[in-house]
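Please open the model in your viewer, with the sequence panel beside it, and follow the stops below in order.

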Amino acid sequence: MSVLLIELETKGHHISSYLRSIVTKLKKNKEKIIFLTTKEIKKNHYYNFFKKNTKIVYIDNIKYPKKKNYISLIKFQFQNYQIIKKEFSKIIIKNKINFVYINTLDFLDKPLSILGSPFGKIKFSFLYLNPKFYIDYENYFKYLVKKKFYFFLFKKILKISNLSNIYIVDPLCNKFLLKQKRAKFNKISFINDLGSSNEIKKLNHTKKKCRKILNIGDKDYVILIYGYIRRNKSLNELFNVVNAIKSKKKIKILIVGKRDEETRKFIKNKLNNNEELSSKIINIEKFADDLFEKIVFKASDLVWTGYTKDFYGSSGVYFLASVNFTPVICSNHGSIGWYSNKFNIGYSLDLTNKKKVLSVLNKVINNKKKINYDFNIVNSQYNFIKFGNSIVKRFK
């Protein structure tokens, strides 16, 4: 079988986790893989992996709207749709394509529902990471019409005859769809989210050695903020309580990962205006490769997986924490709250409640009793190999 993979977003876990897991499985099955993406992928840490395992068809980098509003985002989606349709018509002339997989539908779900498939009669499937049609926002009535409209468009996508599967990793969305008339949603496959960017492998370094690499004291208490650092990771909520933590241990906030310009300025301003906070921050702005990722997790005592109220999706960092056997503190809403209620690998709470956040941090940091967390249960269900296998086995 010859499979065309499509991914226009070359940063973050879309490429490094989801698509790499799928390519790994396809190569194991000895399938022919053609990969349509942008030239931006050449800057990605995993570029050599894709270059080695797929035939890459490059297009110009997609142009994100400077001002993000509903109109500009819709226009952005239609532009992406036309680019994919045009490039597919070129690819199909030179290559036999049996199946198409879109790794991130969120970039073109609206035009797909209106214009239909850009792939003619060829079967296709896609991963839908952040559906919005099921979310009960705080201002419910304000968003009610928008929700109903989104759901209407989603049901139109389901009627596309050559659509094979819609993969959903959001457990709350799946719960919502299970309450509907299931016959209408037989093309939907709920897939366990991907836990790590890699197969689970142990790091031989000791915790002491990892801390020495990062210039962290043996007796310090380290809270890790990891991944692509954005404001919606509730940075402000953590920064606001760090100085009030009561502990004999020195508290260190280890921030590791790339970030956008807004977040970079936010962190810089916070540190410049608060000398005590600045002394507790270890700020590493770079992409963490496989080895460095394991080092920073092993050096840490707790992982901050907080998200602001407008974020309802899943968290790759939550599963990374589990893979690295490190407990979490996370939000109590959205998918991350659902996972926290299901699995015992830390604490979840309303992060806007400063008093509660401080209370939980004091409890966790000063607790002398060893707590048994269910890391192995999470890791057995949510992992790199299982994700790719679950997706590829449904390709038709």
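Begin by selecting strand β1 (residues 2–6) together with β4, which pair in the parallel sense over four bridges; strands here are DSSP runs of E with at least two residues, helices are runs of H or I with at least four residues, both numbered from the N terminus, and two strands pair if DSSP finds at least two bridges between them. This is a predicted model, in which local features need pLDDT of at least 70 and side-chain atom pairs count only at pLDDT 80 or more, while totals for chains, interfaces and linings use all residues. Residues are numbered from 1 along each chain as its sequence is written, and side-chain values use heavy atoms, with hydrogens and water left out.

Within this pair, pick I6, whose bridge partner in β4 is I102. Then show the side chains of β4 (residues 99–102): F99 and Y101 point one way, V100 and I102 point the other way, and all are buried, that is, under 20% relative accessible area with a 1.4 Å probe and protein chains only.

Finally, move to helix α8 (residues 235–242) and helix α9 (residues 261–272), which pack at an angle of about 10 degrees with their axes 12 Å apart, the axes being lines fitted to C-alpha atoms over the stretch in contact and the angles running from 0 to 180 degrees between N-to-C directions. The two helices, α8 and α9, are therefore roughly parallel to each other, a term for angles under 35 degrees. To display their contact (heavy atoms within 4.5 Å), select L235, N236, F239 and N240 of α8 with T263, F266, I267 and K270 of α9.

Terms used: Buried < 20%, exposed > 50% of the residue type's maximum accessible area, 1.4 Å probe, protein only. Parallel < 35°, antiparallel > 145°, perpendicular 65-115°, else oblique.
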